[in-house]
Amino acid sequence: MIEINGVAHVILSVSEWPACRQFYERLLAFLGLTQAFAGEEMIYYVGGRTAIGVSKCAPAHEGQRFVQNSIGLHHVCFRARSRADVDAVHEFLQSTAARIVHGPEEGGWAPGYYSVLFEDPIGTRLEVNHVPGKGVLADSVSFNPGADYH
């Protein structure tokens, strides 16, 4: 057995490349990630022990949008350092092309769970959350997403 050191990177393939590229360049910079690469068909940002790449999808998929609950990615959640950071992301999102699914609110995923949920221009679901302390790894805490997870 090994103990991993986090998720190295997530790469998102998007249609509507110009709109999505602009959205992610603004969002990822706002989240404090540094642009490490910017090509004609891909951008790559690194920071906070996280890397996110966004690339133009294959031409055969250009007209498609993200489908929630389809095969593959459900959503990406960025961990914030404080509730105030979640609030700041929400405020920032109001100046973007994001569709805000829900503004900052508490949730039952872990004690103190606080998040904002939103979508990029093609409907890819993204979240920013804050969980104080050890979250579901704290003593006497369990994780149960329930049957109504969607």
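Let's start with a sheet: four strands form an open sheet in the order 5-8-7-6, and the pairing is mixed. The edge strands here are strand 5 and strand 6, and each of them pairs on one side only. On average, neighbouring strands of this sheet are turned by 15° against each other, with direction ignored. Please keep in mind that we are looking at a predicted model.

If you want to look at one pairing here, take strand 1 and strand 4: they run parallel and are joined by five bridges. As a landmark, S13 stands opposite S55 in strand 4.

Now back to the sheet we began with, and to strand 7. How many of the residues of strand 7 are buried? Six of the six are, so strand 7 is largely enclosed by the rest of the structure. Here is a general idea that helps: in a regular strand, side chains alternate between the two faces of the sheet. You can follow that along strand 7. Y114, V116 and F118 point one way, S115, L117 and E119 point the other way, and all are buried.

Who are the partners of strand 7? Strand 6, residues 99-106, pairs with strand 7 in the antiparallel sense over five bridges. Within that pairing, I100 stands opposite F118 in strand 7, and the bridge partner of H102 in strand 7 is L117. Strand 8 also runs antiparallel to strand 7, and six bridges join the two. There you can find Y114 opposite H130 in strand 8. Strand 7 and strand 8 form a hairpin, with five residues between them. In the turn, G123 has a positive phi of about 95°.

Next, let's look inside. The largest nonpolar core has 27 residues. Which residues have the most contacts inside this core? They are Y24 and F118. The elements that give two or more residues to the core include strand 1 (10-14), helix 1 (17-30), strand 7 (114-119) and strand 8 (125-130). Strand 3 (42-47), strand 4 (50-56), strand 5 (76-79) and helix 2 (83-93) are also among them. Helix 1 gives the most to this core, with six residues.

Let's move on to charged side chains. The count comes to four salt bridges, and I'll walk you through some of them.

In one of them, the side chains of E25 and R21 meet, at 2.9 Å from N to O. Both lie in helix 1, four residues apart, which is about one turn of the helix. R21 has 19%, and because the cut-off for buried is under 20%, R21 counts as buried.

Another salt bridge brings together the side chains of E106 and R83, also at 2.9 Å from N to O. E106 lies in strand 6 and R83 in helix 2, so this pair ties together parts that are 23 residues apart in sequence. E106 is exposed, with a relative accessible area of 54%, while R83 is partly exposed at 35%.

Then there is E119, which forms a salt bridge with R99, the closest N and O atoms being 3.1 Å apart. This pair links distant parts of the chain: E119 is in strand 7 and R99 in strand 6, 20 residues apart. E119 counts as buried, at 10% relative accessibility, and R99 is partly exposed, with a relative accessible area of 46%.

V136, L137 and F143 make a nonpolar surface patch of about 320 Å². To find F143, look in the segment after strand 8.

Definitions and conventions
Residues are numbered from 1 along each chain as its sequence is written. This is a predicted model: local features need pLDDT of at least 70, side-chain atom pairs count only at pLDDT 80 or more; totals for chains, interfaces and linings use all residues. Side-chain values use heavy atoms; hydrogens and water are left out. A nonpolar core is a set of buried Ala, Val, Leu, Ile, Met, Phe, Trp, Tyr and Cys residues joined through side-chain atoms within 4.5 Å. Buried means under 20% relative accessible area, exposed over 50%, partly exposed in between (1.4 Å probe, protein chains only). Two strands pair if DSSP finds at least two bridges between them. Patches are made of residues with over 30% relative accessible area and no salt bridge: like charges are joined within 9 Å, nonpolar side chains (Val, Leu, Ile, Met, Phe, Trp, Tyr) within 5 Å. Accessible areas come from the Shrake-Rupley method with a 1.4 Å probe; for residues, only the protein chains shown count as cover. Axes are lines fitted to C-alpha atoms, for helices over the stretch in contact, and angles run from 0 to 180 degrees between N-to-C directions.
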